[in-house]
Each structure stands twice: as structure tokens, then as C-alpha cells.
Amino acid sequence: MNDRYDVVIAGAGPAGAQCARDLAARGYDVVVLETEAEEEFPRQSNKSTAGTFHSMMASFGIPDDVVMQYTDSVVLESPTEHYVRDQTGAVLEFADFKRYLVKDSRDRGAEYRFDARVTAPITENGEIIGVTYNGDEEVYGDITIDATGPSAPLAKKLGVVDLKRENHAIGIEYEFEGIDIDRPGFADLRDAMMLRLDHEIAPGGYSWIFHTGEDTAKVGLCYIQNGSHDQYSRDDFTIDDYLSHWLETDPRFRDAEPIEGKQHRGSAHIQAPGELHTDRFMAIGDTVPSLDPLWGEGINKCMLSGRAAAATADSVLKHDGVEPTAETLEVYDTLWHRDVAPNAKSRLLMTQLLYLASNERYDTLMRDLQRLDDDTLAQANKGNVRAIANLIELDDVPLLARFAKQQMNLDLGSLLP
């Protein structure tokens, strides 16, 4: 078995597998180390709602046969209101999608080692030159990439990322049949992806229903362990209790039954990305937090970051005598901020402000969206400051003051030893 490669990637999720696809297509020797066993992949890591848009499908050549349902609209709900926007999308069978990426990158020449848990970087003169996995196994590469998500064993030990608990989001999702998809009094969710803002169901977060055909859908919720969660949460409720509460109180689920084996749990971080790379090393995917305020689009962000890292590695490795130092890998930061998460700071601020609002303000937001043009929401989701300002009202002054105080406390906290 070979122990030296051009690039070593930890993690076979969308970011790692896409990075391997691109590198193998360019003719590089690349190996991907994945914790899960191949015959079970992706059992433990099957954690995404798998909602995406046609732009991602087209950009990365994703086939139709990994799609559970194509959708025509996105819906936002609050406790008593809703807003519908025409926008085509796709709900993927996430396991099939991940297996496709692995197969396609293998067909291009990438090597995969499953049941291989990466534990630590191997360093020489302060630079990473490889990784250890499964305790004492070793593999070496000119460039190493961490695509392991929030666990980030390499990025954390190299001091590249610092994922903070106060920004930690946890989620749970089940797939159900018997759902009343077009219930009177609610938005029509046929061929739709719906996100609901309601602290009664997801304090400090959101819940969702993604239609997957006939009377079936993905149903779940996610909340961030933030100030809003502290304010609105119930002391005796776990995330499972909140999902059960929603299922028991929403008439759309009156006859719903969970589909066996279709239960997923996951986590992510909602914070500024910080560092992205160092000598001979890049962090991609959920190891480097990024999302859009409303639609999330986590799959697309992961895929884009994998592609940016592959392009960066190629820009260095194709030149004889050029070492992959932090300076020569700097192009990854440029590509990440341009292509993966432009306006990252303003989008993050909007995300944090959104979850701080009350249920009553969510109802007002739905009414505001109904009178504004669709482009306002699209631009606000992209972090356009003027569009965000158009969604703010005079009555939001106390909310903005609270938000400013919270941000100041977080900033001061980061300065304390």
C-alpha cells in the first residue's frame, strides 16, 4: 500500500469527495481517509437535510438519480404567517449522493481508505507532512486537507480553527409518511422546501419540512446554543422533545409515521471562519463554518470549498520547486471569500440577528416579505447591507440594541484569557 501522495484528504463527505474528484481529474495522486466502514457508508455521517438548488447540481455534474424530489418553491413559515417564493430546487437522497461522489472520484483515480479514523498530524520542522490514522498507521502528502467537519482533529491541533461551543448548532431529522402536505390553513408544501421560524418548536433556530414525494417528507429542527435558545427554551426539553412536541401539535402530522431507518442527527457551527490554511494544509467544508442566513445551502458551500482547495493545490503542485507554504496557499483564502462565502461577515450578522427575533417579529417578517419584491430577500440572504436594512423596522430598535450588547459581550469574551 502506498504511503506517499500529492494530497491527503481526511473525510469523504461532499467537501472531501469533491476535492478528490477535482484533484484526481487533474492527474494528482490523492488518498481520502474516511472514518466509516465502506459497507456502512454513510450511516453515521448521513446528517444533511440534503436540500439544494439547480445551480449546485449543474455546477458539479450531479446526476438526477440521487434526487428524491425536485421542488418548485421555497416556503418560510412563522407561527401564524407564511411566505412563498417560486424557486426550483432538489431534495437529495443524501446517502446516494455521497456514494456517487466517492464512486466518481474513484473512477477518476482517487484512492479511498475506509474504516480509517484520522487522529493527528505528523509534523516536521513545524509543518504538517502527513497524518496518523487508526492509532499507529501513517500516510504522507505534500498537502493535507481536513474535511472532517466539526470534529476537525487536524485543523484544531494545528491551531487553524477554533470552533466555539456557544456557536454550536445541533439538529435532528426524521423522514415520515402520511403527512398532510396541503393542509388547509397552511402553505401548500407540495414540491416545496419549507423552513419555519418558531421558538416554540426550535428555540434559537428553525424547523423544516422538505417534500420528498406523495405524502412523504423530511421533517426536522435545529437550534443554536445561543442567547435566544437560553431565553426561549424549556429546561426539561431535549431536541427530541421539541420534535415530538411539533409532531403532536401540528395537524399536518396527525397521521404521520416515521420511515424505518430514516433518522439523522448532526451538528454545525455558526461563527466567523477564522483561519483557513497554514503551511501544507487547508481546512474545507464544515470544518470552516459557513452558511446562508435563510436557505443554509450547506452542501453547496462544502462543494465549493472542496473545489477551491483543489484549484489551490493545483496552482502550487503543478510548478516544480514551488513549496506549498502558507504564502503560496494564500489563494485558497481569496477563492473561499470570493466563491464560497462572499460577504461572510454581514451574512453571519444577519443569521445571528434573525434567530434573536421573537415569534411576533417573525410574523411581521412574513408580512413584510409578502409586500417586498423577491429580490430583497435574495439580496439579504447574500449579505447585502441595503437589502437587510429594508427588512428592519423602527420597532426593531430594542432588538438591535440587544443584538449589539450580545455582540459586544462575545467580542469581549474572546479577549479574555
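Biologist: Which residue in E2 is the bridge partner of valine 8?

Modeller: Valine 31 is that partner in E2. A word on the source: this is a predicted model, where local features need pLDDT of at least 70, side-chain atom pairs count only at pLDDT 80 or more, and totals for chains, interfaces and linings use all residues. Residues are numbered from 1 along each chain as its sequence is written, and side-chain values use heavy atoms, with hydrogens and water left out.

Biologist: How many bridges pair E1 with E2?

Modeller: Strands are DSSP runs of E, at least two residues, and helices are runs of H or I, at least four, numbered from the N terminus. Two strands pair if DSSP finds at least two bridges between them. Here E1 (residues 4-10) and E2 pair over four bridges, in the parallel sense. E2 also runs parallel to E6 (residues 111-113), joined by three bridges.

Biologist: Which way do the E2 side chains point, and are they buried or exposed?

Modeller: Buried means under 20% relative accessible area, exposed over 50%, partly exposed in between (1.4 Å probe, protein chains only). From E2 (residues 30-33), Val30 and Val32 point one way, Val31 and Leu33 the other, and all are buried.

Biologist: Which residues have the most contacts inside the largest nonpolar core?

Modeller: In soluble globular proteins, nonpolar side chains tend to be buried together. A nonpolar core is a set of buried Ala, Val, Leu, Ile, Met, Phe, Trp, Tyr and Cys residues joined through side-chain atoms within 4.5 Å. Ile9, Leu92 and Phe97 have the most contacts inside the largest one, which has 70 residues. Helix H7 (residues 298-317) gives this core its largest share, nine residues.
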